[in-house]
Amino acid sequence: MAACNACNELSNKGKEVEPHPTLVLKSSVNLGRLSMGQAKGNVNHYVCSVCGTKMSCDTDKHDKFAGWWI
């Protein structure tokens, strides 16, 4: 199944954009632990309850390119 409009619109947006209401958080990985403190934030993994698309968001405060992807 293809990604719904809400997932497509969120893809490639910045980390400051909130998840849309139909995304369900499945897991979260602390970047600080993986990077020995170099990164600050999490990578959150979601699944859309409408279309089943798996999306992730990097919230690293030090990475200006962090954001959403499918």
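**A strand and its neighbours**

Cysteine 57 in β3 is the bridge partner of asparagine 44. This is a predicted model, in which local features need pLDDT of at least 70 and side-chain atom pairs count only at pLDDT 80 or more, while totals for chains, interfaces and linings use all residues. Residues are numbered from 1 along each chain as its sequence is written, and side-chain values use heavy atoms, with hydrogens and water left out.

**The sheet**

- Four strands make up an open sheet, ordered β1-β2-β3-β4, with antiparallel pairing; strands are DSSP runs of E with at least two residues, numbered from the N terminus.
- The edges are taken by β1 (23-30) and β4 (68-69), each with a single partner strand, so one side of each has no neighbour in the sheet.
- Five bridges join β2 (residues 42-48) to β3 in the antiparallel sense, where pairing requires that DSSP finds at least two bridges between two strands.
- On the other pairing, β3 and β4 are antiparallel over two bridges.
- The hairpin of β2 and β3 has five residues between the strands, and glycine 52 there takes a positive phi near 80°.

**Serine 56**

- Serine 56 sits in β3 (residues 54-58), a strand that is mostly covered, with four of its five residues buried.
- Serine 56 itself is buried at a relative accessible area of 9%; buried means under 20%, exposed over 50% and partly exposed in between, using a 1.4 Å probe and protein chains only.
- Serine 56 is the bridge partner of histidine 45, and in β4 the bridge partner of serine 56 is tryptophan 69.
- The side chains of serine 56 and histidine 45 also make a polar contact at 2.7 Å. Such a contact is a pair of N or O atoms within 3.5 Å; within protein, one must be able to donate a hydrogen and the other to accept it, and residues adjacent in sequence count only if both atoms are side-chain atoms.
- Leaving aside residues up to four places away in sequence, serine 56 touches Val43, Asn44, His45, Gly67, Trp68 and Trp69, with contact meaning heavy atoms within 4.5 Å.

**Cysteines**

- How many disulfides are there, taking pairs of cysteine sulfur atoms within 2.5 Å? The count comes to zero.
- Cysteine 7 is buried at 0% relative accessibility, and its sulfur is 3.7 Å from the closest cysteine sulfur, in cysteine 4, too far for a bond.
- Cysteine 51 is buried at 9% relative accessibility, and its closest cysteine sulfur, in cysteine 48, is 3.7 Å away, too far for a bond.

Notes:
A disulfide is a pair of cysteine sulfur atoms within 2.5 Å.
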